[in-house]
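Please walk through the structure below, beginning with a contact between charged side chains and going on to the pairing of strands.

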Amino acid sequence: MVDAVTTTNNATNRINSGSAMLASNFETFLALLTSQLKNQDPLSPVDSNQFTAQLTQMAGVEQQLLTNELLKSLVSAQGGGGLESAANYIGKEATAAWSATKFTDGEAEWSYEIASNAASVKLEVLDGSGNVVWSGDAPDKTTGVHEFSWDGEATTGNDGQEGQVYTLKVVAKDAAGGTIDAQVLTRGRITGVEMYDGEAFLTVGNSIVPLSTVIALEEARTAATPPPAAQTDESLLASLASSLNPLKLFS
């Protein structure tokens, strides 16, 4: 998959290559023009129209070199603004097609999505070396997004280690044994942004996901405003008596 970082790098390389070629041609053109003027026949000088055309070509090459420099500046500015742009996502709820998360406080959490109801859904937790440390049936086999939490108890190998990164794998099958589309998701609130090799990464819960893997964004959920406290009978009677007080008509 071609991402924004690859595209930017390719554009910069092509501009640099084009600038070097144009600069070389420009120097060659000047050398040829100078030699032509020095060695022209005094009795038959270069035609003025031809000389003007050559000068126009030289000016065009010089303008192209300047244009390439401006393009390089624009590409550099676009790449440098990646962190600032990604910072706008902080505070939003994100869903990313990402399966790696950190084992924290005795658990690791993921979401998984199934395209349709499945006859069987198998989940596997893998450690940083790609070894399966836990496998079992998914808690829900119906279509949609579901949650899964691993408590660190291994079925093979070592139990979950605090601070280590684990990934989840999901395989869904229909009644005939055919594969059903499924994916692992990382969901949560974006709390930070970091840059690695020119690419923006977002901190989502206990995961750090590339910005390119984010497939959905929502406004951060806020706690519902609690309803106003119910008035007591005494306060209700006091309010009613106050509103009926005839002295208020003259105040």
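Lysine 92 and glutamate 219 form a salt bridge in which the closest N and O atoms are 3.3 Å apart. Lysine 92 lies in the loop between α3 (82–86) and β1 (93–96), and glutamate 219 in the loop between β12 (214–218) and α4 (233–244), so the pair ties together parts that are 127 residues apart in sequence. The structure holds 3 salt bridges, and the model from which they are taken is a predicted one. Side chains of opposite charge can pair when their charged atoms come close.

Strand β4 (residues 120–126) pairs with two strands described here. With strand β5 (residues 132–137) the pairing is antiparallel, over 5 bridges. With strand β7 (residues 165–173) it is also antiparallel, this time over 7 bridges. Valine 125 can be followed in both directions: tryptophan 134 stands opposite it in β5, and leucine 168 is its bridge partner in β7.

How many residues lie between β4 and β5 in their hairpin? There are 5 residues between the two strands, and in the turn glycine 130 has a positive phi of about 85°.

Tryptophan 134, the residue opposite valine 125, also takes part in a ring contact with phenylalanine 148. The two ring centres are 5.2 Å apart and the planes are at 35°; pairs count as stacked under 30 degrees and as edge-to-face over 60, so this pair is tilted. In total, the structure holds 6 aromatic pairs.

A second hairpin is made by β10 and β11. Strand β10 (residues 199–204) and strand β11 (residues 207–210) run antiparallel and are joined by 4 bridges. Threonine 203 stands opposite isoleucine 208 in β11. With 2 residues between the strands, this hairpin includes glycine 205, which takes a positive phi near 60°.

Key: Residues are numbered from 1 along each chain as its sequence is written. This is a predicted model: local features need pLDDT of at least 70, side-chain atom pairs count only at pLDDT 80 or more; totals for chains, interfaces and linings use all residues. Side-chain values use heavy atoms; hydrogens and water are left out. Two strands pair if DSSP finds at least two bridges between them. Rings of Phe, Tyr and Trp (its six-membered ring) pair if their centres lie within 6.5 Å; planes under 30 degrees apart count as stacked, over 60 as edge-to-face and the rest as tilted. A salt bridge is a side-chain nitrogen of Lys or Arg within 4 Å of a carboxyl oxygen of Asp or Glu.
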